[in-house]
Amino acid sequence: MADPSATESSVVTGRRALRWRPFHLTAALRKRILRGLIVVVAFVAFVGGLTAAFGINILQYTLYGFRTSAIVIVAAIGLTLIYGIRGFANFAYGDLMTLGAYVALFVNVNAQLSIVWGAITSFFVLVLVGILLEILIFSRLEGRGPVAPIVASVGVGLIIQNGIYVVAEAQPRLFLVSLGQEVTIVPGLGFSWLRDGLTLAVGFSFMLFIHALLTYTNLGKAMRATADNLELAKATGIDTKRVTYATWALSCGFASTAGVLLGLISDVQPLRGVTSLLLIFAAVIVGGIGSAYGAMLGGLVVGLSQEMVVPLLVWLGRPEVLGIPHADAYNVAVPFLILILVLLFRPSGIAGRQTAIVPRGVVTGAIARARAARRTRLAASGAGRRGG
Amino acid sequence: MIGTAIDTGILTNVAYFASFAIVYSVLAIGFNLQWGYTGLFNAGIGGFFLIGAYTAAIITTPYDPPTVLGGVVIVPGHWGGLSLPFVVGAILAMVFSGLAAALIAIPTLRLRADYLAIATLAFAEIIRRVTINFDTFTGGTNGITRIPRLASFEPPDPFASGMVLLGVGAVVLLAVFLFMNFTVESPWGRILRAIREDEVATMALGKNTLLSKIQSFALGGAIMGLAGALFIETKPYLDPQDFSPALATFPIWVMVIVGGAANNRGVIVGAFLIYGMEYVSVLLKDYVPSNTIYYVRLMIIGALLIILIIYRPQGLLPERRRVLK
């Protein structure tokens with residue numbers, strides 16, 4: 001991993017070579033990869049230990065967790081991009097996902113085309129919807145703080161959701177796809193190519209796509225610059241209006257794909273998207289608002305924890321343990337708990353940068369003061385050493 | 001004879017309509033304290049409303065044991081059954097809702113407005129799901145029935161019950177309205193408005209803005225709890241679906257925005273107007289399929305939210321301008 005010749009040759013051949021080397025490992029990146037590897041090893045050991053102790057169905061729940069994570073990641077990337085650029089939480093996002101699923105369902109069932117065409121049509125329809133939303137509604141609310149666009153987005157969500165109820169009726173519908181045989185890897189651990197394989201593949205390719213977009217294209221760089229500092233981006237000549245439209249288009253397109261995937265692993269119904277909205281918000285905030293990489297990490301944390309907590313809750317629900325009725329239904333509360341913990345201790349998210357918010361709570365204030373005191377002490381001792 | 005029967009029938013209908021409108025007015029006044037005066041955007045009104053309603057219901061109803069048939073629980077019943085008077089229920093409803101609001105406020109109020117919105121939305125949704133699933137405690141989807149009325153008549157007299165309900169509701173609304181008008185004009189209310197306008201400047205004047213924000217949020221939550229206690233007297237039975245965001249949170253926003261944020265009189269006008277829309281939709285039920293009219297009403301609420309927030313965010317009765325003399 002730490003290949004010394006790579007760094008040296010890039011220094012020799014100059015900046016051009018450095019820019020075009022996709023896997024150039026700086027010291028910071030190496031450190032991050034090492035940290036990531038440690039987390040992966042710890043996770044594998046954790047799951048392995050649980051499987052050894054409680055049986056193979058832990059692996060099944062882990063697979064469900066990755067499947068949920070893949071969908072949450074696709075949705076959270078779309079939500080976090082628009083959150084970063086326009087600075088407000090899009091409460092209509094869940095309903096946009098539902099709309100995407102219904103457009104795909106219409107193409108799939110009513111026009112008798114393959115689900116792939118359904119997903120592609122739905123992607124482009126939602127791209128148009130996103131651009132229209134910006135032109136008609138959200139561009140008029142620029143500079144009005146975060147609350148006014150939230151209110152407007154709730155209005156958009158209500159219109160979409162109830163419009164679907166009026167047009168498409170309330171009962172759950174299914175895509176016309178052959179689910180295929182579920183492959184049994186080990187007794188107790190099933191793998192469905194459509195539900196697990198496709199979801200994971202789409203999630204992974206969307207992650208690669210967004211990484212390539214943000215790193216190697218001018219549009220991606222302009223998006224990052226606009227999200228970072230709107231005024232500065234304008235001053236450097238970036239057409240921020242165009243960037244905003246592109247971001248809306250991408251965000252809503254991602255919503256459509258996430259909605260279709262959600263419909264594939266369960267069913268299509270008017271409240272399907274809005275009930276997963278909280279999960280996506282949790283992923284976005286845990287990862288740090290505006291950061292696509294944070295959304296990936298947050299989606300993984302939130303999706304895995306929501307699914308892997310189910311066996312624990314089932315155990316707690318047994319009459320001889322706690323006897324809570326329907327205990328496994330509380331798995332939706334787990335992302336919320338993670339969200340509250342992150343808000344308490346690291347409001348900028350795991351991957352986000354520390355913002356200028358001063359922690360003033362009872363608990364957090366004490367921690368922040370202790371950390372600040374330690375930092376001052378360290379700085380003072382460092383300065384003392386240098387002085388001496 | 002027939003004429004008077006129809007008259008009292010219409011009056012009873014109007015009394016029940018007005019009682020619901022009063023419940024939503026109280027909710028809207030609570031939200032107005034949080035958002036209109038302090039600038040704290042609460043997206044979980046339904047959650048605090050639910051806590052108030054269930055607290056009051058569990059405290060005032062008689063004991064309701066689970067119905068077991070052949071070892072299988074048919075109706076889960078619900079916890080409590082203390083049969084205490086309504087006043088105790090209402091006070092405890094305010095206490096529990098206020099405590100919940102303070103607890104949710106502490107981690108989120110020092111952050112930006114949108115974090116508070118997301119956290120409260122999540123809180124309300126989780127409270128609602130716990131209510132649905134923890135059925136040995138709350139009755140689950142069966143809800144809570146046999147809620148004692150404010151006054152019982154023998155033989156049952158819907159007109160008299162409706163009038164008692166309306167009277168109690170009107171007294172509560174008037175009390176809350178006067179109390180809130182007094183509060184927001186007090187020095188404490190001035191701090192809240194100052195926080196809304198410029199929190200940093202208020203801090204620089206030596207005010208503990210975080211404490212004031214938590215107090216405001218908790219007081220608003222307590223008022224929502226009071227609305228919940230009134231709500232159970234108005235409804236024949238308690239149903240967790242009544243507290244979904246589309247029924248208990250978003251319409252309240254419209255009421256406050258229509259009426260005028262930071263103007264309690266305007267908020268009551270807004271509540272009666274928007275709830276009046278619901279009443280009209282009930283009247284239209286005979287002509288249009290009832291499901292469609294229900295969804296169309298929510299679409300109209302959505303469209304109103306968008307149009308008002310773009311073109312008239314100050315509402316029908318805007319906040320009184322305060323100019324330094």
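**The interface and what lies beyond it**

A: Across the interface of chain A and chain B, the rule finds zero salt bridges (a side-chain nitrogen of Lys or Arg within 4 Å of a carboxyl oxygen of Asp or Glu). Keep in mind that this is a predicted model: local features need pLDDT of at least 70 and side-chain atom pairs count only at pLDDT 80 or more, while totals for chains, interfaces and linings use all residues. Residues are numbered from 1 along each chain as its sequence is written, chains are lettered from A and ligands numbered from 1 in the order written, and side-chain values use heavy atoms, with hydrogens and water left out.

What the interface does have is four residue pairs in polar contact, both partners at pLDDT 80 or more (N or O atoms within 3.5 Å; within protein, one able to donate a hydrogen and the other to accept it, with sequence neighbours counted only if both atoms are side-chain atoms). On the chain A side, the elements giving two or more residues are helix H7 (147-168), helix H13 (277-287) and helix H16 (333-345) (helices are DSSP runs of H or I, at least four residues, numbered from the N terminus). H7(A) supplies the largest share of that side, 14 residues. By class, the side of chain A that touches chain B has 36 nonpolar, eight polar and three charged residues (Ala, Val, Leu, Ile, Met, Phe, Trp, Tyr, Cys and Pro count as nonpolar; Asp, Glu, Lys and Arg as charged; the others, Gly among them, as polar).

As for extent, chain A and chain B bury about 4,200 Å² between them, 77% of it on carbon and sulfur atoms (accessible area, 1.4 Å probe, lost on putting the two parts together and summed over both). The contact draws 47 residues from chain A and 48 residues from chain B (heavy atoms within 4.5 Å).

So much for the interface; now the salt bridges. Over all chains, a search of the whole structure finds 12 of them. One joins the side chains of Asp196(A) and Arg67(A), at 3.1 Å, N to O. Asp196(A) sits in helix H8 (residues 193-216) and Arg67(A) in helix H4 (residues 57-86), both of chain A, so the pair ties together parts that are 129 residues apart in sequence.

The largest cavity has a volume of about 50 Å³, and its lining includes Tyr16(B), Arg149(B), Leu165(B) and Glu233(B). Helix H6 (residues 158-185) of chain B gives the largest share, three residues. The second largest cavity holds about 30 Å³ of space. Among its lining residues are Ser19(B), Leu165(B) and Thr234(B). Here H1(B) provides the largest share, three residues, and the lining divides into four nonpolar, three polar and no charged residues.

Methods:
1 Å grid on protein atoms, 1.4 Å probe; cavity = no way out; pocket = protein on both sides within 12 Å on 5 of 7 lines; lining within 4 Å. Points joined across faces, edges and corners; volume = space filled by probe spheres on them.
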